[in-house]
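Have the structure open while you read.

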Amino acid sequence: MIDWKYQTFFVAAFSLLCPLHAYFLVKHFEPSSARGWYSKGWGVLAVYMAVVISVILFRSFLYEPFAFPSTSMQPTLQQGNHLIVKKLGYRTYGTYGVHLTRQDIASPELMQRGKLYAFYPPHKDVPFVKRLMALPGDRIAIQGNNIRVNGSILASKLLYETDQLTVYEEMQDGSIYLIQRLKGFPSNDMGERVVPENSYFFMGDNRDNSADSRFWGDVASDSIIGEVIYVLK
């Protein structure tokens with residue numbers, strides 16, 4: 001995932017603020033009066049450094065924007081959607097590809113089946129977004145359109161179909177979301193397995209076109225970045 005849209009915004013904002021700040025200083029400067037600290041070289045540098053550090057800390061520990069480049073979460077997420085990820089409490093902190101800390105999440109209650117999370121998969125140091133399907137200790141199995149968690153098949157109903165795909169509404173632990181199946185693709189069945197301690201099982205909503213825990217395994221607790229709380233379409 002990349003977040004070029006927001007980086008461009010900050011660059012444009014700084015490019016606009018810098019000349020405005022300089023104009024304000026020149027227009028209101030009185031040669032006979034003492035210069036304010038903010039108009040001195042070190043003051044200007046301090047202001048801009050404070051802004052930059054604030055942005056980095058905000059992105060690292062609280063909320064971070066991402067752009068979603070994949071089709072693996074269709075129909076929920078479309079290629080090019082922008083996401084806001086809440087990071088506080090997940091303790092995998094960092095931004096712009098730099099890791100500050102990587103620890104297990106602060107509380108298991110932060111992870112809820114059926115919700116979307118950003119994380120680092122076992123095989124790549126690149127953020128992914130998928131739907132959480134099973135928690136540590138859960139038993140999960142997949143057969144055709146049916147996903148069985150702890151012995152119960154997730155409720156689903158057909159919404160519509162086209163020549164290429166079929167869209168269903170699926171429900172899990174109070175979350176209701178859409179999934180799609182591509183016609184002519186194998187179902188990628190999986191026998192029952194138990195999710196290990198401090199690990200999580202994720203799947204994409206585009207079930208036949210998603211690289212997820214069915215293929216590269218469970219995601220460790222210290223690889224969870226945060227919960228997707230808002231989608232900008």
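Which residues is lysine 87 in contact with, leaving aside its neighbours within four places in sequence?

1. Bear in mind that this is a predicted model. With its neighbours within four places left aside, lysine 87 is in contact with Arg59, Ser60, Phe61, Leu62, Tyr63, Glu64, Thr92, Tyr93, Gly94, Ile225 and Gly226.

2. To find lysine 87, go to the loop that links strand E2 (82-86) and strand E3 (92-95). Lysine 87 counts as buried because its relative accessible area is 1%, and the cut-off for buried is under 20%. Its side chain reaches the backbone oxygen of serine 60 at 3.5 Å.

3. Now the sheets. Seven strands make up an open sheet, ordered E1-E2-E16-E5-E6-E14-E15, and the pairing is antiparallel. At its edges you'll find strand E1 (63-67) and strand E15 (219-220), each pairing on one side only.

4. Inside that order, have a look at strand E5 (residues 116-119) and strand E16 (residues 224-232): they run antiparallel and are joined by three bridges. Tyrosine 117 sits opposite glutamate 227 of E16.

5. There's also an open sheet of four strands, in the order E9-E8-E7-E13, again with antiparallel pairing. Strand E9 (152-153) and strand E13 (190-194) are the edges; each has a single partner strand, so one side of each has no neighbour in the sheet.

Conventions:
Residues numbered from 1 in each chain as written. Predicted model: local features only at pLDDT ≥ 70, side-chain atom pairs only at ≥ 80, totals over all residues. Heavy atoms only, no water. Helix = DSSP H or I, 4+ residues; strand = E, 2+ residues; numbered from the N terminus. Buried < 20%, exposed > 50% of the residue type's maximum accessible area, 1.4 Å probe, protein only. Polar contact = N/O pair within 3.5 Å; in protein donor to acceptor, adjacent residues only side chain to side chain. Contact = heavy atoms within 4.5 Å. Pairing = 2+ DSSP bridges.
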